[in-house]
Amino acid sequence: MTGEDSSETSVSSPSETAPEPAKVPTMESSGEVVASESTGQEQAPEPQKPDSQALDPEAPEASAMPATAKPEPPSEDVPSAPLQLTLEDVSQSSLTVSWEPPEKLGKLGLQGYVLELCREGASEWVPVNPRPAMVTQQTVRNLALGDKFFLRVTAVSSAGAGPAAVLDHPVHIQEIIEAPKIRVPRHLRQTYIRRVGESVNLQIPFQGKPKPQASWTHNGQALDSQRVNVRTGDQDSILFIRSAQRSDSGRYELTVRLEGLEAKANIDILVIEKPGPPSSIRLLDVWGCNAALEWTPPQDTGNTELLGYTVQKADKKTGQWFTVLERYHPTTCTISDLIIGNSYSFRVFSENLCGLSDVATTTKELAHIQKADITAKPKGFIERDFSEAPSFTQPLADHTSTPGYSTQLFCSVRASPKPKIIWMKNKMDIQGDPKYRAVSEQGVCTLEIRKPSPFDSGVYTCKAINVLGEASVDCRLEVKAWSHTMAQKDIVCQVLQA
């Protein structure tokens, strides 16, 4: 035998009115105790009967706990009482107890243990296992909710049962209590904002077993049943307000209670509406194309913070309003880029989460943008001397030409006054020679050589002269000599032309 052996027992509560045959547990080969119906032919060994003094109603402790049999003188043949009788577990339909072997097992040896129970208020001990079982732990099942039992266990030998070990307190079979918990939805963990006139419908799930009791408070006070409706089910509680008003703002607390345990959750509700307009507005100053305004905050912000102000302007001629500033936080501003000669009115709206105020505060006086006297002060004209000596900005480039084909030489010159252009070949002036044609326009100088021949090869010079000085540029022209083939082509061309 070891202290880890255990047995499970199913016990049916004996009826006090119906004369049904009592269920007597019998021991199976596996060591477990199973309930079976007795036919009256088999008698289990009777457990020790309670003391008559314990059954006496005048006894001081008779109503609390049934007393065990009157102790008899100890005998060496019977075992002593089991040790450390302990309640291991209690559920809503079963219980488990365990104990340790007695110090003295008796001369004849231990046959097993008998576990007995007695209902509170009764005087009869009912054996759970009529036959001794060699186990030190037993589980009793199929118990009814609400029952209270006293338990005791005795060690049995062939010489009889020894003294009993009694559990100090009765065991109460009751439903398992699950501590209450509240699960607040994510969107309700921050301030829940609604507008005036909108409905509020909060569904808060909770847990608890058996069904807990739920209650609501508003700012620590009971709810107004005329405005707020609450419906609580097995798993949630719903708070409903058909048409929210600003007075419904505040902290709502849900409390769930169960058997001395409770859970709480706080939900903040804010009911808002559009703000009022600024209290006053005035035109501080007008200068140039600018106007300065100042206003005071509204008296009613709509039960929430302001997001800012919207400033608008209107020209007296058109009367159309245009937005200048949006969600502007200060209470002073300067409006610029106004048109000279026009007169302007200004108005300011307040804004919160619900939007702009229904009306605006408008300036009483107009801002007149005056025309300033402008006097033109022309600056004296300073004549600039553009006189410049000749200088070539683009020189002549060396060139190779083919006999019989006209060739042009280019260069550009800058000078003031306009310079005189002189073309030279091999430092000889070629002015007036009909073979050459010289042109000068807008500083670009061009020399055309008509049908050059190898005789026209040489160094060509362009010289520019004015009263401030002179300048010149050179280039080399090479005209290739005629080949025999080209001479024949030239003769053919002349014949064809003839």
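Predicted model: local features only at pLDDT ≥ 70, side-chain atom pairs only at ≥ 80, totals over all residues.
How many aromatic pairs does the count come to? The count comes to four aromatic pairs.

## Overview

The protein has 38 strands and two helices. Of its 498 residues, 34% are buried. The accessible surface of the protein is about 30700 Å², and carbon and sulfur atoms account for 48% of that area.

Contacts can also be sorted by how far apart the partners are in sequence. Among contacts in the protein with a separation of 6 or more, 63% are between residues 24 or more positions apart.

## An aromatic pair between β5 and β6

Trp99 and Tyr113 form one of the aromatic pairs. Their ring centres are 5.6 Å apart and the planes make an angle of 65 degrees, an arrangement called edge-to-face. Trp99 belongs to strand β5 (residues 95-100) and Tyr113 to strand β6 (residues 110-119), so the pair ties together parts of the protein that are 14 residues apart in sequence.

Are these two residues buried or exposed? Trp99 has a relative accessibility of 2% and therefore counts as buried. Tyr113 is buried as well, because its relative accessible area is 0%.

A second pair is made by Trp295 and Tyr328. The ring centres lie 6.4 Å apart and the planes are at 55 degrees, so this pair is tilted. Trp295 is in strand β22 and Tyr328 is in strand β24 (residues 321-328), which means that the pair links parts 33 residues apart in sequence.

Trp295, with a relative accessible area of 2%, is buried. Tyr328 has a relative accessible area of 23%, so Tyr328 is partly exposed. Buried means under 20%, and the value for Tyr328 is 23%. Trp295 and Tyr328 also belong to one aromatic cluster together with Tyr309.

Strand β22, which holds Trp295, is part of an open sheet of three strands. The order in the sheet is β21-β22-β25, and the pairing is antiparallel. Strands β21 (281-287) and β25 (332-335) are the edge strands, each pairing on one side only. On average, neighbouring strands of this sheet are turned by 20 degrees against each other, with direction ignored.

How many bridges join β22 to β25? Strand β22 (residues 290-295) is joined to β25 by four bridges, and these two strands run antiparallel. Leu293 has Cys333 in β25 as its bridge partner.

## Charges over rings

Two places show a charged side chain over an aromatic ring. Arg347 lies over the face of Trp321, at a distance of 4.3 Å from the ring centre. Lys425 has its charged end over the ring of Phe455, 4.8 Å from the centre of that ring.

Pro210 lies in the loop that runs between β14 (200-209) and β15 (213-218). The bond from Ser416 to Pro417 is also cis, with omega near 0 degrees. Pro417 is in the loop between β32 (407-416) and β33 (420-425).

Asn142 is not a glycine, yet its phi is positive, at about 60 degrees. Asn142 is located in the loop between β8 (137-141) and β9 (148-157). With a relative accessibility of 53%, Asn142 counts as exposed. Asp337 is not a glycine either, and its phi is positive, at about 60 degrees. Asp337 is in the loop between β25 and β26 (343-352). The relative accessible area of Asp337 is 70%, so Asp337 is exposed.

## A buried glutamate

Glu448 is part of strand β36 (residues 444-449). Is Glu448 buried or exposed? Glu448 has a relative accessibility of 18% and so counts as buried, since the cut-off for buried is under 20%.

Which residues does Glu448 touch? Leaving out residues up to four places away in sequence, Glu448 touches Ser406, Thr407 and Gln408, as well as Lys435, Tyr436 and Arg437.

Terms used. Residues numbered from 1 in each chain as written. Heavy atoms only, no water. Buried < 20%, exposed > 50% of the residue type's maximum accessible area, 1.4 Å probe, protein only. Contact = heavy atoms within 4.5 Å. Pairing = 2+ DSSP bridges. Axes fitted to C-alpha atoms, helices over the stretch in contact; angles between N-to-C directions. Phe/Tyr/Trp six-rings, centres within 6.5 Å; stacked < 30°, edge-to-face > 60°. Lys NZ or Arg CZ within 6 Å of the ring centre and 35° of its normal. Areas by Shrake-Rupley, 256 points an atom, 1.4 Å probe, with all protein chains shown as cover.
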